[in-house]
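Subject: Structure for your files

Hello,

Here is the structure we talked about passing on. My notes on it follow below.

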Amino acid sequence: MGYMMKQAPAMMNNRLRKLATENPDLKEVYEAAIARKSTKHQKKSFDEYKAEAQDVIDKLSEKLNDQKYLAADQVTLADIMASVFVQWAIWNNKVVAGTHKIPQNLMTWFSEISNKKFYMMLYNRPKPHFVVD
């Protein structure tokens with residue numbers, strides 16, 4: 001992380017403290033802003049997010065055990081939206097090795113979806129980004 005990125009929160013808090021001093025009638029507003037900025041935006045741990053993502057993966061896989069596509073006997077918006085999530089999970093596995101366990105039926109479904117013309121047009125590439133052999 002660059003120097004400015006590390007210093008930015010402290011610089012912002014110093015600026016807010018100065019404004020609070022210069023504007024005593026707004027002191028409570030500035031102190032509330034400092035308090036908000038000092039707390040983490042993410043309340044969950046990485047493991048909690050990982051578990052939630054795995055739960056979605058498992059539910060998609062379970063749904064595809066009994067049918068070819070998620071919502072009908074043809075590709076629907078549900079498949080398109082889910083394919084984006086599955087593509088993210090595959091990418092995440094490559095970046096953070098073994099983050100998610102993606103069942104074979106879900107990989108097969110994704111391979112089929114990602115080889116369809118609409119998918120390639122959607123991503124404007126001649127081949128899908130992830131190809132499952």
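Of the 133 residues of the chain, 29% count as buried (buried is under 20% relative accessible area, exposed over 50%, partly exposed in between, with a 1.4 Å probe and protein chains only). This is a predicted model, in which local features need pLDDT of at least 70 and side-chain atom pairs count only at pLDDT 80 or more, while totals for chains, interfaces and linings use all residues. Residues are numbered from 1 along each chain as its sequence is written, and side-chain values use heavy atoms, with hydrogens and water left out.

The chain has six helices and zero strands (DSSP runs numbered from the N terminus: H or I of at least four residues for helices, E of at least two for strands). Of the contacts between residues at least 6 apart in sequence, 55% join residues at least 24 apart (contact means heavy atoms within 4.5 Å).

Helix α4 has 19 residues and reaches 27 Å from its first C-alpha to its last, close to the 27 Å expected (1.5 Å times one less than the number of residues). Its buried residues are D79, A82, S83, V86, Q87, A89, I90, N92 and N93. Their cover includes α3 (46–66), α5 and α6 (117–123).

T99 is found in the loop between α4 (77–95) and α5 (104–114). T99 counts as buried because its relative accessibility is 6%. Leaving aside neighbours within four places in sequence, T99 is in contact with F46, K50, N92 and N93.

V96 lies in that loop between α4 and α5 as well, but at 35% relative accessibility V96 counts as partly exposed. With F46, W88, W91 and V95, V96 makes a nonpolar surface patch of about 490 Å². Such patches are made of residues with over 30% relative accessible area and no salt bridge; like charges are joined within 9 Å, and nonpolar side chains (Val, Leu, Ile, Met, Phe, Trp, Tyr) within 5 Å. A salt bridge is a side-chain nitrogen of Lys or Arg within 4 Å of a carboxyl oxygen of Asp or Glu. The largest share of the nonpolar patch, three residues, comes from α4.

In helix α1 (residues 3–22) there is N13, buried at a relative accessible area of 14%. Apart from neighbours within four places in sequence, N13 is in contact with I34 and K37. N13 and K37 are 24 residues apart in sequence and 8.1 Å apart in space, C-alpha to C-alpha.

Regards

Definitions and conventions. Areas by Shrake-Rupley, 256 points an atom, 1.4 Å probe, with all protein chains shown as cover.
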